[in-house]
Amino acid sequence: MHGWEVAGHAYTATNHNAGFSSLSESALDNELRALKTWLCAYGFGSYDYLAYPRGEFSPLIERYVRKYFSAARTIAAVPMQMLPSVNPYRLRSKTVANTTD
């Protein structure tokens, strides 16, 4: 299977590297709004998904993400994904690569 995932991640490298959990509520809202605005301005408006920087999320972060995106995923080591997903803002992901490393 081959494919592409297009999703928002963070608008600024600084906030990405720090993680959303380090931002104030107003900074988090500004970051997500700027990211969604950029995606729409450059033709990616129909890609309505977010990958949490550093895989970090919380109920507060989720509340702000819901304002701008229809689903989000994490890389956090949490229990196995239930199908269908009960919460589209806590989707899990698994990276698979064709490598022998």
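Student: By about how much are arginine 66 and glutamate 62 separated in helix 3?

Tutor: Arginine 66 and glutamate 62 are four residues apart in helix 3, where a helix is a DSSP run of H or I with at least four residues, numbered from the N terminus. An α-helix has 3.6 residues a turn, so residues three or four places apart point the same way. The separation of arginine 66 and glutamate 62 is therefore about one helical turn.

Student: What kind of model is this?

Tutor: Residues are numbered from 1 along each chain as its sequence is written, and side-chain values use heavy atoms, with hydrogens and water left out. Local features need pLDDT of at least 70, side-chain atom pairs count only at pLDDT 80 or more, and totals for chains, interfaces and linings use all residues, since this is a predicted model.

Student: At what distance do the side chains of arginine 66 and glutamate 62 meet, N to O?

Tutor: The two side chains form a salt bridge, that is, a side-chain nitrogen of Lys or Arg within 4 Å of a carboxyl oxygen of Asp or Glu. Arginine 66 is partly exposed at 44% relative accessibility, whereas glutamate 62 is buried at 7% (buried is under 20% relative accessible area, exposed over 50%, partly exposed in between, with a 1.4 Å probe and protein chains only). The N to O distance in this salt bridge is 3.1 Å.

Student: How many salt bridges does a search of the whole structure find?

Tutor: Aspartate 29 and arginine 33 form a salt bridge at 2.9 Å, N to O; they are four residues apart in helix 2, about one helical turn. Arginine 54 and glutamate 56 form another, with their closest N and O atoms 3.2 Å apart. For the whole structure the search finds six.

Student: Which residues of helix 3 are buried?

Tutor: On the face turned away from the buried side, helix 3 carries the exposed residues Pro59 and Lys67. The buried residues pack against helix 2, strand 1 (49–51) and strand 2 (71–74), a strand being a DSSP run of E with at least two residues. These buried residues are Ile61, Glu62, Tyr64, Val65 and Tyr68.

Student: Within what arc do the buried residues of helix 3 fall?

Tutor: The view is down the axis of helix 3, and the arc is that of the directions from the helix axis to the C-beta atoms. The buried residues line one face of the helix, because their arc is 165 degrees.

Student: Which residues of the largest nonpolar core touch the most other members?

Tutor: A nonpolar core is a set of buried Ala, Val, Leu, Ile, Met, Phe, Trp, Tyr and Cys residues joined through side-chain atoms within 4.5 Å. The largest has 16 residues, and those touching the most other members are Phe20, Leu28, Leu32, Leu50, Tyr52, Val65 and Phe69.

Student: Which residues does valine 65 touch?

Tutor: Touching is a matter of contact, meaning heavy atoms within 4.5 Å. Residues up to four places away in sequence are not counted here. On these terms, valine 65 touches Leu32, Leu50, Tyr52, Ala72 and Tyr89.

Student: What is the phi of arginine 54?

Tutor: Arginine 54 lies in the loop between strand 1 and helix 3, and is partly exposed at 48% relative accessibility. Most residues other than glycine have a negative phi. Arginine 54 has a positive value, near 65 degrees.

Student: In what order do the elements of the protein run from the N terminus on?

Tutor: The protein has three helices and three strands. Starting at the N terminus, the order of the elements is α-α-β-α-β-β.
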